[in-house]
Amino acid sequence: MSCCTKQAPPRMTMTKDTHPAGKLMPMPKLPCQKDCENCKEKKERKLADQLKPLLVSAMIVISILPVWAQEATTPAKTFWDDPFTHPLLPLYAVTALAFITVVLVIVVALYMLKLLNIMAQQAEAENAAKKGIAYVKPVSWWEKMWDNLNAAVPTAQEETIALDHNFDGIRELDNHLPPWWKWLFYATIIWAVIYLSVYHIAGSLPLSVDEYENELAKAEEQSRIYKASQPAAVIDENALTFTNDEAIIAKGKIVFVGNCVACHRNDGGGNSIGPNLTDNYWLHGGGIKNVFTTIKNGVVEKGMPAWGKAMSPQDVRDVAFYIMSLQGSQPQNGKAPQGELYVPEQKTDSLPAVKRDSLIVIK
Ligand code: HEC
């Protein structure tokens, strides 16, 4: 109880036993008006004064700390990446063992103490019973701490802090905020000061926005490095030649099944929307180069999407290879041929072609 009970306006409303919710409502605390020797508030203020230099020096230390997060370099291999071959493994293992042993010893010691305590209390209780005296259980440190933390006025003494408000039997108690709450509150104030000086005044650590931007910049850098390490993504369709490359055709099949079957049927045989892709007749020219170009640019006005905008050049190449591999597969109920019969170009690099009306040999 404080010396200011009588002077200070009420800080709590309603008593525990009369308020329907059984809850006490804290209200803002007003300063102590009367000077008194053992006033709790005065003590707390004194403590705060003592803490001030400590706080200031802590703030200075923290604010001159190096800028940690902004200088993040590529992380070295940590212990957990490969714990079994790490050179410090024995040290860590011994430390961990020692730690576990210490914890176990403490647990066992506490347990033994508790047992001893219970036995001692039993002996005392028996002694007291023999002598015919009432046995009073000693207060444990935990109970003492609990009382100190809460500093609640026992229900039996509530009359001493009752205020003379009375509303329909609901009375008001002049309770203090529990010390644990107050200390928590002071801790938040201290934390706020540290936080403000570190993050906003000294700028030693990046704010959330900066952290976000750092992360973005890092990700962009990584993506740039990754892209630079990849082979050129562009495929020159003029240099494209079809080979029976099973790996490419298998990849192309996946692309075909995922994107094309709705209009060209599972087997490429065509349906009411798309033409048959397995015959020798082509609307836009056969051969790997034409097929690649048709898939890449589409025939948008006729309902064939331009896949070059939606997928990578590799995927377009793969699916073009797959379609070339379907040539002559003659699926059942295939759509009737559309377009013109495509005759593959003669290979000119093995045999020199001779123009009919001249004698010049073209190499
Ligand atoms: C929304 C329907 C639709 C989808 C999906 C579609 N196509 Fe087509 N496709 C068509 C139509 C319609 C044509 C015929 C265009 C025309 O009449 O000129 C066509 C034509 C083609 C041609 C040219 C055929 C020829 O005779 O010259 C090729 C090759 C082709 N599509 C491949 C594909 C591939 C590969 C995919 C999947 C990545 C695909 N198509 C997805 C509708 C579609």
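1. The protein has a mean pLDDT of 80, and 73% of its residues reach 70 or more, pLDDT being the predictor's confidence in each residue, from 0 to 100. This is a predicted model, in which local features need pLDDT of at least 70 and side-chain atom pairs count only at pLDDT 80 or more, while totals for chains, interfaces and linings use all residues. Residues are numbered from 1 along each chain as its sequence is written.

2. Confidence is lowest in strand S1 (residues 12–13), with a mean of 42, and highest in H4, with 96; helices (H or I, at least four residues) and strands (E, at least two) are DSSP runs, numbered from the N terminus. The pLDDT is below 50 over residues 1–37, a stretch that has 61 contacts in the model beyond near neighbours in sequence, where a contact means two C-beta atoms, placed from the backbone, within 7 Å. Residues 65–73 also have pLDDT below 50, with eight such contacts. Where pLDDT is low, the predicted coordinates should not be read in detail.

3. Around the ligand there are 26 residues, of which Cys-260, Cys-263, Leu-283, Lys-302 and Met-304 come nearest; a residue is counted if its C-beta atom, placed from the backbone, lies within 6 Å of the molecule. Helices H6 (246–259), H7 (261–264), H8 (287–297) and H9 (313–325) each supply at least two residues of this shell. By class, the shell has 17 nonpolar, eight polar and one charged residues, with Ala, Val, Leu, Ile, Met, Phe, Trp, Tyr, Cys and Pro taken as nonpolar, Asp, Glu, Lys and Arg as charged, and the others, Gly among them, as polar.

4. The largest nonpolar core has 16 residues, and those touching the most other members are Ile-295, Val-316, Val-319, Ala-320, Tyr-322 and Ile-323. Such a core is a set of buried Ala, Val, Leu, Ile, Met, Phe, Trp, Tyr and Cys residues joined through C-beta atoms within 7 Å, and buried means that 20 or more other C-beta atoms lie within 10 Å of a residue's own (exposed: 12 or fewer; partly exposed: in between; C-beta atoms placed from the backbone). H6, H8 and H9 give two or more residues to this core, and H9 provides its largest share, six residues. Leaving aside neighbours within four places in sequence, Tyr-322 is in contact with Ile-249, Gly-252, Lys-253 and Phe-256.

5. Of the 22 residues of H5, the number buried is zero, so this helix lies largely in the open.

6. Ala-151, although not a glycine, has a positive phi of about 45°, and it lies in the loop between helix H3 (141–150) and strand S3 (162–167).
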